[in-house]
Amino acid sequence: MDEVKLRCELGVLTRPDGSVLFSEGETTVVAGIYGPVESKINKTLVEKACVEAYFRPKSGLPGVKDRLNESMIRNVCEAVIAVALFPRTAVVVVVQEMQNNGQLISCALNATCLALLNSGIDMKCMYAAVTCFLDRSDSIVLIPPADEREIKGSFMFVFDSVEKTILASHTEGSFSIDQYKDALSLCREESTNIFNFFKKALTIK
Amino acid sequence: MKNITSNCERSFIIEALSRGKRIDGREIYDHRKVNFFFGREYGHVEAHLGDTKVLAQISSEVVVPSSERSTEGFLIFNIDISPMASPAYETGRLTKECIELTRIVERCFRESRVVETEGLCIVAGEKENNLLNLCYNFKVWSIRVDVHVLDHCGNYIDCACLAVSAALRHFRRPDIAISGDEVVIYDILDRPPVPLSLHHLPLCITCSFFDSGNLFAVDPSLEEESVMRGRLVLGVNVLKEICAIQHNGGVPLSKDQINRCAEIAFVKVQELTSLMDKGLAVIMLSVPNAAVKSTEARSNSWVRLPPRRVFSVFDGRVFNLALINSSKVVEACQVPCWLGTRTDDTSLGKALEDIRAQSFTEKGKAS
């Protein structure tokens, strides 16, 4: 199985507390984190920090799909950041799509994890998102096939670094339960590579 | 949470300027370092002006033109200051800064007629004499420019104009072939795409004024912007034409000051344009014309650029049977409905068969 090529550059933006330019194969995103900062009055939570996520597509106005990505990013970040340490503040996560070759949401989640690590905010664990695709021949692959119409389904899982439990899961297309389990185990193995990549990226910087 | 400058910072910056020095070591007329990064797709440019970063992406789409200007295409701007640009974020497109940036860019590019909009026309038949004066026969290109400010370290106006100019020159739209009443739009993998025809390329130069207008500096950084009293933005091109002027802040300027700024702007725009030319020349040699994969289009129901798109004028009505793929399956069909005409199943079926037959012969011809 071919490996998906991962590349990143930490600290590309100067204003945000943490930022990264991350690419997974041909899919590229820029993520920026501000946190903890002053939150809006109507969104202030008394006992913890409120996490706000923004996902901007490259062209066009943000639509329903982008709101879905925002809610996934927000849910994962809320689970992972130590929000109880920063009451009445906000952590702002912004992701800008640069190039999309099929793994956009997992690329965005991995980028936000790196950006959080770059910003130094307290986290409970790291997380890695892996996407795999079900192609016409019913085999599960990590690299998306060149023709979009070959894809019968796609699976995206987010694992945490401590026990490899599932933090989030998103699927598209139709598939059998066995295929789902196969995809889950494949993604779990692949997540080890991603965590190694994160560690290497941080130590080189 | 606004950007707050302390009093001692403020007085330091002004004192330094009164002695002709700037806090980052530049001279009064110097720009920060300019860099262009081009993406894999045509029309994707990220411009860096010092630490300020702006991303521009251009995409094209075929639409029906407006009835008043049925032979002109559209140039649409969508400008957004991303929340990652500054911690004093306010999302939403109606913030003061966003509106100001949008208006300056629109005046500079659309109202000074940078893109030849008549050249964006595809099918321009005569207006049929019908009572409702509809021009459903016509098709034009709509060029959409999306600008995202990623990092705000001062003077994102200049940076945004740099990004848009470079993106307009970098962008290629799909090639088309017209034969009789039929228009075939080729995917970028089938035929090399075509550049936009541009009349000129404006760039913006910003001069900021301090301390009641007697001190000024070109290309203010973030700290200088928080201290400045007023700003003069000049949109100029290499032909020494002024495309747009914007004067903010309320500091009164004399005619000589404005003329001096214009002279500086003319010199600066030559430098910046030659930098952009150099960057584009390197990139144009190395971009392969068939190796990029198109991203999802957003506003229309067509999700991806189909292998062949065939329009047919049939009985005076246009059927956009747009998604005939290689296995001759119609993926989607759109019949525009308007007052007075109704399409019944038989004529629709006949049109489908016609198109299918034609696309087969077209494919035979092309391959």
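Mentor: Happy to. Let us begin with a term: a contact means heavy atoms within 4.5 Å. Keep in mind also that this is a predicted model.

Trainee: Then which residues is F109(B) in contact with, leaving aside its neighbours within four places in sequence?

Mentor: The partners of F109(B) are L75(B), F77(B), V114(B), C161(B), V164(B), S165(B), L168(B) and P202(B), once those sequence neighbours are set aside.

Trainee: How many helices and strands does chain B have?

Mentor: Chain B has six helices and 16 strands. Of its 367 residues, 51% count as buried. For chain B contacts with a separation of 6 or more, 69% are between residues 24 or more positions apart.

Trainee: Which residues line the largest cavity?

Mentor: Its lining consists of V4(A), L6(A), E24(A), A129(A), V130(A), T131(A), L142(A), E190(A) and I194(A). Two elements of chain A give two or more residues each: β6 (127-135) and α3 (177-204). Of these, β6(A) gives the most, with three residues.

Trainee: I would like to look at the backbone next. What should I expect in general?

Mentor: Most residues other than glycine have a negative phi, and most peptide bonds are trans. With that in mind, look for the exceptions.

Trainee: Which residues does a cis peptide bond join?

Mentor: The cis bond joins G35(A) and P36(A), with omega about -15°. P36(A) lies in strand β3 of chain A, residues 27-38.

Trainee: And where is D138(A), with its positive phi?

Mentor: D138(A) has a phi of about 60° although it is not a glycine. This residue sits in the loop between β6 and β7 (140-141) of chain A. In chain B, S212(B) also has a positive phi, near 60°, and is not glycine. Its place is the loop between β11 (203-210) and β12 (215-218).

Trainee: Is D138(A) buried, partly exposed or exposed, and why?

Mentor: The cut-offs are under 20% relative accessible area for buried and over 50% for exposed, with partly exposed in between. D138(A) has a value of 42%, so it counts as partly exposed.

Trainee: Let me try some other loops. Why does P57(A) count as buried?

Mentor: Because its relative accessibility is 1%. P57(A) lies in the loop between β4 (50-56) and α1 (64-80) of chain A. Its C-alpha atom is 9.4 Å from that of Q99(A), 42 residues apart along the chain.

Trainee: And P87(B), buried or exposed?

Mentor: P87(B) has a relative accessible area of 19%, so it is buried. This proline is in the loop between β4 (74-81) and α2 (96-111) of chain B. P87(B) and H152(B) are 65 residues apart in sequence, and 9.6 Å apart from C-alpha to C-alpha.

Trainee: What about L239(B), buried or exposed?

Mentor: L239(B) is exposed, because its relative accessible area is 54%. Look for L239(B) in the loop between β13 (230-236) and β14 (242-248) of chain B.

Trainee: Last one: which residues of chain A does the UniProt domain annotation cover?

Mentor: In an unreviewed entry, UniProt gives "domain: Exoribonuclease phosphorolytic" for residues 6-121 of chain A. That span is 28% helix and 36% strand, and its end C-alpha atoms are 23 Å apart.

Terms used: Residues are numbered from 1 along each chain as its sequence is written. Chains are lettered from A and ligands numbered from 1 in the order in which they are written. This is a predicted model: local features need pLDDT of at least 70, side-chain atom pairs count only at pLDDT 80 or more; totals for chains, interfaces and linings use all residues. Side-chain values use heavy atoms; hydrogens and water are left out. On a 1 Å grid over the protein atoms alone, a cavity is a set of points where a 1.4 Å probe fits but cannot get out, and a pocket is an open set with protein on both sides within 12 Å along at least five of seven lines; lining residues have an atom within 4 Å of a point. Helices (H or I, at least four residues) and strands (E, at least two) are DSSP runs, numbered from the N terminus. UniProt positions are given in the numbering used here, feature names are shortened, and annotations may be inferred rather than shown by experiment. Buried means under 20% relative accessible area, exposed over 50%, partly exposed in between (1.4 Å probe, protein chains only).
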